[in-house]
Amino acid sequence: MTHEEQAEAKPCHTPQVVALTGSRNFLANGLMRKLVEILEIKRVVVLDTERPRFDHERIVFYNLDLTNPTAGQLMSDIFRSEGVQAYIHAIYSYGFIRNRLMSRELESIGTMHMLNACQEAGVKRIIVRSSTQVYGASPQNPTFCTEMHPTGKRGLENLHTHEKVEMEKQVIAYARSNPDTCVTVLRSCNTLGPTAENYLAYMLLKPVVPTVLGFDPLMQFIHEDDLYRAYLTVLQGSVAGVFNIVGRGTLRYSEVIDLLRRKALPLPIRMWRLGLGLSWNLGAYDVPKDYLDYLKYTCLADGGKALRELEFVATKDARQTLEDFHTTRIASRVS
């Protein structure tokens, strides 16, 4: 059995106390706003190095650095004292971290601390953020990768996917050794919306967008509101395992650029790698050269399992998601 295989379904109930990390990123910040609207949830425990942007009487904040050697014990103590029943691991180093060691500590070491804390405190519901990009961008990929498709076969030196692959291995191994815990990993595709932050969103906000000469991959998109809904569906449901969370439909990268009224700058891959590598190291452009693989080859995921087991289907298709991104993030800048 490979680590990509999912855990079996386990009985879960809507929790009254939910903890999450990564509150400064768009996903966790958006989830906090949604969680306090659920009447059954009495308290949201937020752990981060900075206070969340969103404040509410049911939100309790703890200043915690997951890279701290004592983070696991501190988390365990907090979980026990607050009576945490479910935990959302929204830490994800798409926050343009250039330091490879720091990225590894945040993803790998932070995940280890989290899992140890959940085990010690008896937290029986864990939801972990991941990405469909763990499948890698490759001409050998099937048209749509299912959850059973191997991860990390390409791009193991890729700064922004290697740590995600290793993180998933830890989480799935934990699920196997703790069968009484309901563990779910959500691999989301390119997320866009009013607040979404990632490499692709960063690029598409620029007037000129990089393209690799001779390549025009298909892309998937999910609106951030649909992504929030997927997390809430899992939190209030009873299904564990690994799930691709994707929007409806696909678009060519060239169509994306046209829809958003951006200007393409096609260059050979070697020129882009040299240019992005230099600008990344200098802090001038927040996209690493390794991300170019996803502008060259298609990386699409099959959302069939989420439809069957979670009854999840995105409300917005790729075109609608891009139109909203243009309205809320691009046109608003111009006006």
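Predicted model: local features only at pLDDT ≥ 70, side-chain atom pairs only at ≥ 80, totals over all residues.
**Cysteines**

Residues are numbered from 1 along each chain as its sequence is written, and side-chain values use heavy atoms, with hydrogens and water left out.

I then searched for disulfides (pairs of cysteine sulfur atoms within 2.5 Å) and found zero in the structure. For Cys145 the nearest cysteine sulfur belongs to Cys299, 5.7 Å away, and Cys145 is in no disulfide. Cys189 is in no disulfide either; its nearest cysteine sulfur, again that of Cys299, is 9.6 Å away. I noted Cys189 as buried too, at 6% relative accessibility.

**The sheet**

Next I traced the strands (helices, H or I of at least four residues, and strands, E of at least two, are DSSP runs numbered from the N terminus). Seven of them form an open sheet with parallel pairing, in the order E3-E2-E1-E4-E5-E6-E11 (two strands pair if DSSP finds at least two bridges between them). Which strands stand at the edges? They are E3 (59-63) and E11 (241-245); each has a single partner strand, so one side of each lacks a neighbour in the sheet. I read an average twist of 20 degrees from one strand to the next (axes are lines fitted to C-alpha atoms, for helices over the stretch in contact, and angles run from 0 to 180 degrees between N-to-C directions).

I checked two of the pairings. E1 and E2 run parallel and are joined by five bridges, and Leu20 has Val46 in E2 as its bridge partner. E4 (residues 86-89) and E5 (residues 125-131) also run parallel, with three bridges; here Tyr87 is partnered by Ile126 in E5.

Helix H1 (residues 26-35) packs on the sheet, touching E1, E2 (43-48), E3, E4 and E5, and its direction makes about 165 degrees with that of E1. Helix H2 (residues 71-82) lies across E1, E2, E3 and E4, at about 170 degrees to E2.

**Strand E1**

I counted five of five residues in E1 as buried. On one side these are Val17, Ala19 and Thr21, on the other Val18 and Leu20. In a regular strand the side chains alternate between the two faces of the sheet.

Thr21, in E1 (residues 17-21), has a relative accessible area of 1%. Neighbours within four places in sequence aside, I listed its contacts (heavy atoms within 4.5 Å) as Ala28, Leu47, Leu66, Tyr87, Ile88, His89, Ala90 and Ile91.

**Cores**

I looked for nonpolar cores (sets of buried Ala, Val, Leu, Ile, Met, Phe, Trp, Tyr and Cys residues joined through side-chain atoms within 4.5 Å). The largest has 74 residues, with the most contacts inside it made by Leu35, Val44, Ile88 and Ile245. Helix H6 (residues 224-235) gives the most to this core, seven residues. Another core, of 28 residues, lies apart from it and includes Val84, Met114, Val123 and Tyr174.

**Helix H4**

Last I checked the length of H4 (residues 162-177): its 16 residues should span 22 Å at 1.5 Å a residue, and the end C-alpha atoms are 23 Å apart, which agrees (the expected span is 1.5 Å times one less than the number of residues). Among its buried residues I noted Glu163, Lys164 and Tyr174.

Definitions and conventions. Buried < 20%, exposed > 50% of the residue type's maximum accessible area, 1.4 Å probe, protein only.
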